[in-house]
Amino acid sequence: MKILSIQSSVAYGYVGNSAAVFPLQRLGHEVWPVLTVHFSNHTGYGAWRGPLLAPADVAQVIAGIADRGVLGDADAILSGYQGDPAMGAVILDAVSLVKTANPDAVYCCDPVMGDVGRGMFVRPGIPEYLRDVVVPRADIVTPNQFELEFLAGRRTDSVVDLLAAVDIVRASGPRHVLVTSVLHGAVPAGSLDVVAVSDEGAWAVTTPLLPINPNGGGDVTAALYLAHLRISGSPAIALERTTASIFAVLEATLAAGTRELQLIAAQEAIAHPPNRFPARRLR
């Protein structure tokens, strides 16, 4: 595939495009990375340097790609953290340009807003903008459980609750929803679920819960799920391959004792996902 990926970038470490591009390339896909920021490192360190790119500058980069006459070759658009509605508007304009040139292209949005234990960590107004404006325009969304609850406006304390929340989100526009970091009463202790839902049904994969939560994991997950879903056409297969690869990355990161994802060390598990976690049908 050819993927237009509009995300942040860091020189040191792996978040945003710095986390998404290499795994996609390792799977054999061509990526056109458009940067929204270029920082020295991710903001989880509490200090960083580098520019926050103006939405108008990002739009100019996309316009330059359009000048090459290649937007119609793009099979997908991928976006992650959107720190400003103006940047979101630039991304949605890019989605419109690509889909006008190639109606078969899909938009995958990782609606980054917050997480359990941290609450919302984006600027006020961004969660509502994502829920009301961006998510309805997406074909694929990849929220974590905390973000799903906000998007749906309801709690997800059981499998039934979770699927009901996903159905609310899908009714707003996106046909495919991948929910990460799922913990509810039916998930075994020391484990977590990842759930994929589409028109064809719903599936879950259970993996061990590792004592690690590095930045960038969601960015890699969204990229891998987009790639595997588009190539296989099967949410269940995409779910199995994505969870196997990201678990291998997290295992390598834990073993290395670092807070930065070990994408290079785990690249074989990205290129060739092990048959490790079978998907089970929920409905």
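Mentor: The account below begins with the aromatic pairs and then turns to the strands and helices.

This is a predicted model, in which local features need pLDDT of at least 70 and side-chain atom pairs count only at pLDDT 80 or more, whereas totals for chains, interfaces and linings use all residues. Residues are numbered from 1 along each chain as its sequence is written, and side-chain values use heavy atoms, with hydrogens and water left out.

There are three aromatic pairs in the structure. Rings of Phe, Tyr and Trp (for Trp, its six-membered ring) pair if their centres lie within 6.5 Å; planes under 30 degrees apart count as stacked, over 60 as edge-to-face and the rest as tilted. One of the pairs joins Phe39 and Trp48, and it is tilted because the ring centres are 5.8 Å apart and the planes stand at 35°. Phe39 counts as buried at 13% relative accessibility, while Trp48 counts as partly exposed at 40%. Here buried means under 20% relative accessible area, exposed over 50% and partly exposed in between, with a 1.4 Å probe and protein chains only.

Another pair, Phe247 with Phe277, is edge-to-face, at 5.1 Å centre to centre and with 80° between the planes. This pair links distant parts of the chain, 30 residues apart: Phe247 belongs to helix α8 (residues 235–256), and Phe277 to the loop between α9 (267–271) and β11 (280–281). Helices (H or I, at least four residues) and strands (E, at least two) are DSSP runs, numbered from the N terminus. Phe247 is buried at 5% relative accessibility, and Phe277 is buried at 10%.

Contact means heavy atoms within 4.5 Å. Thr207 itself lies in strand β10 (residues 201–208) and is buried, with a relative accessible area of 7%.

A ring also takes part in an arrangement with a charge: the charged end of Arg259 sits over the ring of Tyr45, 4.1 Å from its centre. The criterion is that NZ of Lys or CZ of Arg is within 6 Å of the ring centre and within 35 degrees of the ring normal.

Helix α8 also holds Pro235, which is buried at 3% relative accessibility. Its contacts, leaving out residues up to four places away in sequence, are His176, Ala196, Ser198, Glu200, Trp203, Tyr225 and Leu229. The C-alpha atoms of Pro235 and Ala202 are separated by 8.3 Å, although these residues are 33 residues apart along the chain. His176 lies in strand β8 and is buried, with a relative accessible area of 19%. Beyond its neighbours within four places in sequence, His176 contacts Asp139, Ile140, Val141, Val197, Ser198, Glu200, Leu229 and Pro235.

Ser181 is also located in strand β8. Most residues other than glycine have a negative phi. Ser181, although not a glycine, has a positive phi of about 55°; this serine is partly exposed, with a relative accessible area of 36%.

Strand β8 (176–182) is among the elements that cover the buried residues of α5, which also include β5 (114–115), α4 (126–134) and α6 (159–172). Six of the eight residues of helix α5 (residues 145–152) are buried, so this helix is largely enclosed by the rest of the structure. The buried residues are Gln145, Glu147, Leu148, Glu149, Leu151 and Ala152.

Helices α1 (residues 17–26) and α7 (residues 217–232) pack at an angle of about 35°, with axes 8 Å apart. Axes are lines fitted to C-alpha atoms, for helices over the stretch in contact, and angles run from 0 to 180 degrees between N-to-C directions. At this contact, Ala19, Ala20, Pro23 and Leu24 of α1 meet Asp219, Val220, Ala223, Leu224 and Ala227 of α7. By class, the contact has eight nonpolar, no polar and one charged residues, where Ala, Val, Leu, Ile, Met, Phe, Trp, Tyr, Cys and Pro count as nonpolar, Asp, Glu, Lys and Arg as charged, and the others, Gly among them, as polar.
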